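Subject: Structure handover, aromatic contacts

Hello,

Here is the structure we talked about. Please have a look, then read the notes below.

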Amino acid sequence: MFSKYLIIIFAISLPVILFGQENLPFTNDQYSGINAALVSPTQTFLNPNPWDINLFAEDVFLQNDYVYISQQSFLGLRNTPTRSRNKIKNINGENTASVVDFFNKDFGNYHFSSDILGPSFSKKIQIKDKYFTVGLFSRLRTQTSAINVDNYLKFGNQGIVEPEFYSLKPLQINFMNWGEIGLNVATEIFPYSDYQWIVGANVKYEIGFDALQVNSNSPIELHRTSEITNGVDTKTIYASNYDIEVNLATNYNFDKKRYEYKQKGKGFGLDFGIAVVDPIENSDDYNFKASLNILDLGKVNYDGEKHLFAGNSIKVVNNTNLDNTKFKSPDQYFQLLSKEVYGNENASFRGNDFQMGLPTSIHLNASKNVGEHQYVNADWIQRIPVFENSLKRSNVFSASYSVHKPVLGYGASMYLYEYRSLQFGGYLRFGPLILGSSNVLPLLFNQKKLHSGDFYIALKIYPFWDNEMKRHRRANCNCD
């Protein structure tokens with residue numbers, strides 16, 4: 001049971017090596033518009049253009065320290081097949097290129113996110129004497145992560161016999177695939193202040209598609225023995241002191257072997273931000289900007305399955321009931337585990353309702369003008385899980401330099417992922433096309449151990465040839 005359980009957990013990390021977090025330098029761009037509202041709800045109000053439309057944007061982010069591909073880049077993977085390490089032939093990631101190998105650390109971590117921004121828009125409106133920006137956005141999000149997972153698989157990866165006794169540390173893994181429909185509103189407050197104060201918020205309706213939550217509440221005691229099976233000395237592993245909760249909801253139809261989009265959960269989310277700006281008179285530029293944002297405060301209530309596995313010692317390796325069964329669906333697997341643990345295939349079931357918390361975080365931003373249309377920026381995102389079974393966003397600090405012009409924008413950045421992994425990236429905005437990455441080197445250049453990457457692309461429509469003079473001519477005249 002638990003060897004399969006561990007393999008399932010780490011198998012989730014394997015697809016991420018195939019290739020969100022938002023491209024923070026681009027979200028500092030004054031012309032980012034509705035795209036920046038996802039991490040800075042006030043940023044739409046600073047857009048010099050009266051409107052903007054996002055056609056499509058996607059950000060794919062990954063980071064893990066369990067599995068890697070040797071001496072490869074993501075672009076190189078298109079034309080080069082990979083193979084697994086082979087101990088017998090002495091093929092591994094240290095001596096051969098394009099080999100899938102393992103770090104074999106004591107604890108493993110991974111983060112993966114895919115963030116697709118669909119058709120969305122933002123527009124400035126005037127109500128009496130007060131200006132607002134109002135926007136609508138549609139979004140499809142996938143996130144999964146695990147932090148400090150006890151890497152029991154390191155023994156098998158290296159061909160080393162497991163210890164006779166091993167205490168597997170508690171762990172939690174969360175996965176969610178969901179959609180959002182959001183309303184962004186931002187406006188100025190304190191109109192007589194020397195500074196420009198802006199408040200903004202996103203109110204989001206959450207549409208749950210898939211969710212998985214695995215929570216091991218106590219250390220699992222593993223005991224390895226040797227048994228004679230059909231005259232062969234065979235390794236057997238028993239598990240005891242286990243207390244594992246599993247929540248699952250999915251749209252994948254295992255009978256028809258296809259994915260069917262249906263709403264499995266619903267909820268609400270809120271982003272809120274406040275910004276202070278030191279403007280430059282008669283200019284779209286500003287001297288300084290600082291903002292505080294609280295992101296993804298909310299949860300999704302799912303209709304799925306809740307299971308609990310807790311009991312006495314059971315055989316988890318060399319168990320013919322598990323090893324000789326080809327599982328066709330999670331339900332079949334849950335029933336078999338329940339029978340192994342309780343003697344009844346339905347005893348593990350605890351109900352249908354469970355909830356997943358959104359990846360709540362705090363985003364602090366500061367931006368300083370260093371020349372015409374030129375800025376240095378700093379962004380800090382810190383996760384603060386609030387609700388039960390909350391997704392856990394990656395912690396990031398970013399420092400960047402960017403240039404904001406009506407048709408052209410670009411920037412270079414430095415990222416500190418989880419405050420320990422240094423990465424380099426940037427973005428380019430030319431007309432309707434935006435390309436960027438927070439970790440560009442693995443995309444283009446061979447890495448000794450390829451295990452992380454990020455890519456951002458967007459297509460937008462906005463008044464490309466607008467400028468300060470045209471906006472000044474359109475403004476209402478207050479002269480007597």
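Tyr 66 is buried, at 5% relative accessible area. (Buried means under 20%, exposed over 50%, partly exposed in between, with a 1.4 Å probe and protein chains only.)

Some background. This is a predicted model, where local features need pLDDT of at least 70, side-chain atom pairs count only at pLDDT 80 or more, and totals for chains, interfaces and linings use all residues. Residues are numbered from 1 along each chain as its sequence is written, and side-chain values use heavy atoms, leaving out hydrogens and water.

Now the rings. The structure has 17 aromatic pairs. (Rings of Phe, Tyr and Trp, the last by its six-membered ring, pair if their centres lie within 6.5 Å; planes under 30 degrees apart are stacked, over 60 edge-to-face, the rest tilted.)

Tyr 66 sits in the loop between β1 (51-64) and β2 (67-72), and Phe 102 in strand β4 (residues 99-102), so the pair ties together parts 36 residues apart in sequence. (Helices, H or I of at least four residues, and strands, E of at least two, are DSSP runs numbered from the N terminus.)

Another is Phe 155 with Tyr 166. With centres 5.7 Å apart and planes at 85°, the pair is edge-to-face. Phe 155 is buried at 13%, and Tyr 166 is buried at 14%.

Also, Phe 26, Tyr 427 and Tyr 456 form one aromatic cluster.

Best wishes
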